[in-house]
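Subject: Structure handover and notes

Hi there,

Here is the structure I promised to pass on to you.

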Amino acid sequence: MKIVNIIKDFLFPNKIRCIFCGNELFLDTEFCICEKCLKTLPYLTNNICEICGRKVVGEGKICNSCTNQKLLINFARAPLLYTKTMHKVIYGLKYKNAKYLAEPLSKLLYNFYKSTEEFNDIDIIIPVPLHKNKFKKRGYNQSELLLTSFLSTNKVKTDIVEKIKDTVSQTKKSYLERLTSLDGSFEVKNKQAIKNKNILIVDDIFTTGATCNAIAKELFKANAKSVKCLTLCNVAYDYKNL
């Protein structure tokens, strides 16, 4: 390759593309997302449940699910709705070894975290842990990768909670079954570290809240002061059929 082409490729790289639509980007494009996709992202804004963060139908402040079966966590928040587009991106990160997606998604999530006042009191940030069997198979924990941009806070701890049961998929279970099926699946390894602390659990998707609920249960047993949940996406619907 001629030296001029090497310099050209360095100054004007042509392989940087939007993580959603695949269009070519400039080097300094925010979150590695093109302007069009950034404007059309499915942001979660108004009419969200004060507890779980899902969309609320009507004028109430609490969704049907949380009215009938309250979660243990203090509350959950997410910047985006879980749409087909978000499913494609998160699926790639989790199951297709597309780890390059983690950095821009982490920046987006961190930006939301910094702009959310309810997170100002957080002492410790933990990723949802994977069971050792799943970690061995996948080779990485996507929830840990989503915390890349959070490392500068010096609040990220990956040795607080361990998943001790290799549970099966929750997709075919009902809302109430999910809330209880993960009981006893997690264990707090460092109880002294979380005593009287405000804990933030970070994951990719919030559906029923079963995972965060199961972890929160163990954290509160270990005398955590509060437990909040932050995910990249939250489902757009309310669980009406309990």
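Below is what turned up, grouped by topic.

Please keep in mind that this is a predicted model, with local features needing pLDDT of at least 70, side-chain atom pairs counting only at pLDDT 80 or more, and totals for chains, interfaces and linings using all residues. Residues are numbered from 1 along each chain as its sequence is written, and side-chain values use heavy atoms, leaving out hydrogens and water.

**The nonpolar cores**

I looked for nonpolar cores, meaning sets of buried Ala, Val, Leu, Ile, Met, Phe, Trp, Tyr and Cys residues joined through side-chain atoms within 4.5 Å. "Buried" is under 20% relative accessible area, "exposed" is over 50%, and "partly exposed" is in between, with a 1.4 Å probe and protein chains only. The largest core has 38 residues, and those with the most contacts inside it are F20, I33, Y113, I125, F150, L230 and L232. At least two residues of this core come from each of helix 2 (35-40), helix 4 (84-95), helix 5 (102-115), strand 6 (198-206) and strand 7. Helix 5 gives the largest share, with 7 residues. The helices (H or I, at least four residues) and strands (E, at least two) are DSSP runs, numbered from the N terminus.

Not counting residues up to four places away in sequence, I125 touches Y113, L147, F150, T153, K155, V156, K157, L200 and V202, where contact means heavy atoms within 4.5 Å. There is also a second, separate core of 31 residues, with I126, F186, V188 and L219 among its members.

**Strand 7 and T231**

T231 sits in strand 7, which covers residues 226-234. T231 is buried, at a relative accessible area of 1%. Its side chain reaches the backbone oxygen of C233 at 2.8 Å; the rule for such a polar contact is a pair of N or O atoms within 3.5 Å, where within protein one must be able to donate a hydrogen and the other to accept it, and residues adjacent in sequence count only if both atoms are side-chain atoms. C233 is buried as well, with a relative accessible area of 0%. Apart from neighbours within four places in sequence, T231 is in contact with R77, A78, P79, L109, D203, D204, I205 and F206.

**Cysteines**

How many disulfides does a search of the whole structure find? The count is 1, taking a disulfide as a pair of cysteine sulfur atoms within 2.5 Å. The disulfide joins C212 to C229, with an S to S distance of 2.5 Å. C212 is in helix 10 and C229 in strand 7, so this pair ties together parts that are 17 residues apart in sequence. C212 is buried at 4% relative accessibility, and C229 is buried at 0%. C37, by contrast, is in no disulfide, and the nearest cysteine sulfur, that of C34, is 3.5 Å away. C37 is buried too, with a relative accessible area of 12%.

**Salt bridges**

The count comes to 7 salt bridges, each being a side-chain nitrogen of Lys or Arg within 4 Å of a carboxyl oxygen of Asp or Glu. Here are some of them:

- E103 and K107 meet at 3.6 Å, N to O. They are 4 residues apart in helix 5, and therefore separated by about one helical turn.
- K217 pairs with D183, the closest N and O atoms being 3.5 Å apart. K217 lies in helix 10 and D183 in the loop between helix 8 (175-181) and strand 5 (186-188), so the pair ties together parts 34 residues apart in sequence.
- K221 and E218 meet at 3.7 Å, N to O. K221 is exposed at 56% relative accessibility, whereas E218 is buried at 15%.

**Positive phi values**

Most residues other than glycine have a negative phi, which makes the next two worth a look. N97, in the loop between helix 4 and helix 5, has a positive phi near 60° and is partly exposed at 48% relative accessibility. N223, in the loop between helix 10 (210-221) and strand 7, has a positive phi near 70° and is partly exposed at 45%.

Happy browsing, and do write back with any thoughts.

Best wishes
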